[in-house]
Structures are given as structure tokens and as C-alpha cells.
Amino acid sequence: MEEYFIYINLDGFGKYYFDLLYDPFQSLPYISYLIKEGIYFENAYTGIPSITFPMQCAILSGTYSVGTHNCYQYWDGKLNQIVYQGRQNDAETLGEVLRKQEIGFISIQQFALEDRGAEKGNKKYLYIQPSGDYETRFDLLIQLIRDHRLTIGGESYRYLELPHIMCLYIDDLDAIGHNKERYKTENKRIEAVQRRLIQIDEKLGEVIGALKEKGIYDKTYILLTTDHGMVSFKGMSYVGRLIKAIKRLGFNKVIACNTLKEDENFDVLITSTGIECQIYFKELPSDLETIRQRLKQETYIEQILIKDEFKINGITDQMGDMIISPKEGKHFNVEYRYIPNLMASHDSLNEKAQHIFSVLKGPNLKKGYTYEKRVKNIDFIPTIAYLLGLPSLKNATGTLLLDLLEERRFYEEGR
């Protein structure tokens, strides 16, 4: 393999953080440089549910929960329990493809590769978890590029040659975006995220500089993307009003919880990870569309997906019979029925949670190109695998974005 690939995932990088900067090309000179050098995805979107564990796994396997079988949580009818899935991923990862090909790689806190191709202490297929903030993790990547060395926790790993695949996971934007610092307004919360983004951009500049010093920048693919955006909410949960609305449709026992009591019975179960909710009918109604149209009359509901639409969105059937997402600012939290302070999260169908920032640059790719077609974040890794000459990921359902290639490359390959 002659080319290099650096995958940087900035958890929680909603596209609107970039768009709302007064002058993003001045505030973020190095991200802007990548845009100038490569392809900027104007309409990149994440999947459903837009939650960190299932989405990080999805990106690195090129398939959403229809392939990974991870939708974060689901009701198991046989056990009558709500099952939490953690990092479950039943699909093949990029790390596993690389390992089968005996191609060494490094994963710096990209946890979706831990024991899925990479492992702690294995120099050739190394996973390290330095924790800390963006500086700690970026510094390790920069050290690796410049010195072919990694030092962490008293352990030092030296490489005669720089590994051709390097993965980096940064979660600062997500942590700040949740608003644990309790900024009182949405503008203040967004500004706090943007300040950290500007700091991250400076470190990205050091990575670019190190690649140029080594003379490998021009043959390096750099993918910067994310798992989800973020939407704010506060106040009283609308789950109580939703229960009443569903009862008006003729269902008697409607319950809302994340933990079922033993042998608890219901007609309709509502479960939620914070903002949107999953609906399970004990007996599936014959006409979900009619139920959807009735519920859409509720003023606090923004979007409803029904089971018939799951497959086209790459969603496993386990996620329920309906997904209901409230309007921005509202929530269906079943554990905290009142949220007094402004918070933000991402399990939502709202544009702010779904529309993500993504940019890709590399050899033989178009330069300074704005890609206006809608793309999914599961499209990127299968495309990179193709560009690097790797075997296809076994369970991938993402689209190969071959129109990113320069026309000359298409011609040479007879496409």
C-alpha cells in the first residue's frame, strides 16, 4: 500500500456549528484548507438512532443497524425486557478487514475498533485509550507521524515505518455540546462548542504540517466526519401528552419507561434515550399510517417514522414500530419528566442532529469540490476501502462514492 489514510472523527460535529461561524474560512483555516484541497459534503447525514455507540460502529462498518444490529436499545418481546446494546456490532469493521490483510494500523481512542481488529498492547494492530481532551489525543497522532513513535502510560511503541492507517476519535464537541456547563442560552452553548472547534482546528494544522514535513501529505487521504449533530431541549417532557394522545386512539394501557417490571403488561410501550422515543405495540395495528397521521396533529411532534420506512433508512426492525421525534426544544424523556436547565443531545430526527459536517481529501480525488448530493456517513469507509484497494467490508450497505474521483482516474480505470 502506497497511500496513507487518517480517519478523524469529531464526535458531535453538527454542520450548523460550522455554518453559524461569522467567517468559518477565517476561524477554521485548516479545516478550510482541507475543503480547498478536497471534497466538502454539503449534504452529509447520519443515521438512526443518531447515538454515539451505534453510529461509531456503523461508520466503521459501512452499515447502519440493519447490518450492525445495534440501535442502542430495544424491547425484547420474548424476555419482556428493554435491552441495552453498548458497543454491539455484528458487522465487519475496517479494522478486521485490515487485520485479515495483515496491514498494520493504529486506533487512538476510536473505541469501535477496540477488539474489532485493534487491541491494547498489540503493536501492529494497536488500540490506545489515552482519555484526556483533544490535545492529548492529537499530540499522540502528531508524535506518531513525526517520530514513528507512541508513548502512553509508560509504554512506548516504535515503528520503522509509519503505519499507513491511523484513526483518531475526539469527543470534545460532544461533551461541550451536551451543555454540562449549563450555558443559559442556545447561542452561548453554540459559541462554547465553536471555541473548542477553533482550538481543534489548530491541532489539525499541526497534523497537516507533520505530514508535509514527512513528504507524505500528497499521498494521504484525510477523512474528517462525525456520528451526529446536536439539538437542545428543556422543560417538561411531552411523554405524558403523548400517552394521552395514543390512548385517544383506542389503546388502553400505554406505559413509558426504560426498565420494565417483571411480567408487566401493556398495549403500547414508549421508551426513550432522552429526546425522541420508540413505540412498541403489543399487537401490531393493521394501519400504522392512519395512526401516524392522527399523531402528527399533535403540535409538539416534528417527525414520525413507521416500521415500513425502517428498511429504506437502514434501521433494524428491533427499534420498534414507530419512532417519534419532537420539535426542537422539546423532549420525550421518560426518566426525567422535567429538565429545568438548557440541555442538548442527539437522539433526534431534527435537522440539527442529523445534518453533519464532513470533508475528504486525498490523491486522485477532486479538489475544491462541493459535493451537493445527499450522502450518508456510512458511505465514507467503503469508499476509502475501495480507493486503498482493500476488500469490500462484508456487511457494508453504504454507497461507493466513485464520482469523487478525478475524471482522469475514471478514464484510466475504464469506468
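User: Which residue forms a salt bridge with Arg137, and how far apart are the closest N and O atoms?

Analyst: Arg137 pairs with Asp171, and the closest N and O atoms are 3.4 Å apart. Keep in mind that this is a predicted model. The general idea is simple: side chains of opposite charge can pair when their charged atoms come close.

User: Where do Arg137 and Asp171 lie?

Analyst: Arg137 is in helix H7 (residues 134-147), and Asp171 is in the loop between strand E9 (165-170) and helix H8 (172-177). Now check the solvent. Arg137 has a relative accessibility of 3%, so this residue counts as buried. Asp171 has 25%, so that residue counts as partly exposed.

User: How many salt bridges does the structure hold?

Analyst: It holds 23. One of them joins the side chains of Arg149 and Asp147, at 3.4 Å from N to O. Asp147 is partly exposed, at 43% relative accessibility. Another salt bridge links Arg292 and Glu309, at 2.9 Å from N to O.

User: What parts does the pair of Arg292 and Glu309 tie together?

Analyst: Arg292 lies in helix H11 (residues 288-295). Glu309 lies in the loop between strand E15 (301-306) and strand E16 (322-326). These parts are 17 residues apart in sequence. Arg292 is buried, at 11% relative accessibility, whereas Glu309 is partly exposed, at 23%. Salt bridges can also share partners: Glu186, Arg189, Glu328 and Lys352 are joined into one network that way.

User: On to the backbone. Which peptide bond is cis?

Analyst: Start with the rule: most residues other than glycine have a negative phi, and most peptide bonds are trans. Here, the bond between Ile48 and Pro49 is cis, with omega of about 0°. Pro49 sits in the loop between strand E2 (39-45) and helix H4 (52-61).

User: What phi does Tyr72 have, and where is its place?

Analyst: Tyr72 is not a glycine, yet its phi is positive, at about 80°. The residue is in the loop between helix H5 (65-68) and E3. Tyr72 is partly exposed, at 27% relative accessibility. His148 also has a positive phi, near 55°, and is likewise not a glycine. His148 is placed in the loop between H7 and strand E7 (149-152).

User: Is Gln73 buried or exposed?

Analyst: Buried, with a relative accessible area of 1%. Gln73 lies in strand E3 (residues 73-76). Leaving aside residues up to four places away in sequence, its contacts include Ile82, Val83, Tyr84, Asn258, Thr271 and Tyr280.

User: How many residues does the largest nonpolar core have?

Analyst: In soluble globular proteins, nonpolar side chains tend to be buried together. In this model, the largest nonpolar core has 53 residues. Those with the most contacts inside it are Leu10, Phe13, Ile31 and Phe357. H9 gives the most to this core, with 10 residues. Ile31 touches Phe13, Phe18, Leu197, Asp201, Leu204, Leu224 and Phe357, not counting residues up to four places away in sequence. There is also a second, separate core of 40 residues, which includes Phe111, Cys167, Phe380 and Ile384.

User: How many residues does helix H9 have, and how far does it reach?

Analyst: H9 (residues 186-213) has 28 residues. From its first C-alpha to its last it reaches 41 Å, close to the 40 Å expected. Just after H9, Gly215 takes a positive phi of about 75°.

User: At what angle do H7 and H9 pack?

Analyst: Two packed helices are described by the angle between their axes and the distance between the axes. H7 and H9 pack at about 5°, with axes 9 Å apart. That angle makes H7 roughly parallel to H9. Residues that meet across this pair include Phe138, Leu141, Ile142 and Ile145 in H7 and Ile200, Leu204, Val207 and Leu211 in H9.

User: What angle and axis distance describe helix H3 and H9?

Analyst: H3 (residues 29-37) packs against H9 at about 55°, with axes 7 Å apart. H3 is therefore oblique to H9. Pro29, Tyr30, Ile31, Tyr33 and Leu34 make the contact from H3. On H9, the contacting residues include Leu197, Asp201, Leu204, Gly205 and Ile208.

Notes: Residues are numbered from 1 along each chain as its sequence is written. This is a predicted model: local features need pLDDT of at least 70, side-chain atom pairs count only at pLDDT 80 or more; totals for chains, interfaces and linings use all residues. Side-chain values use heavy atoms; hydrogens and water are left out. Helices (H or I, at least four residues) and strands (E, at least two) are DSSP runs, numbered from the N terminus. Buried means under 20% relative accessible area, exposed over 50%, partly exposed in between (1.4 Å probe, protein chains only). Contact means heavy atoms within 4.5 Å. A salt bridge is a side-chain nitrogen of Lys or Arg within 4 Å of a carboxyl oxygen of Asp or Glu. The expected span of a helix is 1.5 Å times one less than its number of residues. A nonpolar core is a set of buried Ala, Val, Leu, Ile, Met, Phe, Trp, Tyr and Cys residues joined through side-chain atoms within 4.5 Å. Axes are lines fitted to C-alpha atoms, for helices over the stretch in contact, and angles run from 0 to 180 degrees between N-to-C directions. Angles under 35 degrees count as roughly parallel, over 145 as roughly antiparallel, 65 to 115 as roughly perpendicular and the rest as oblique.
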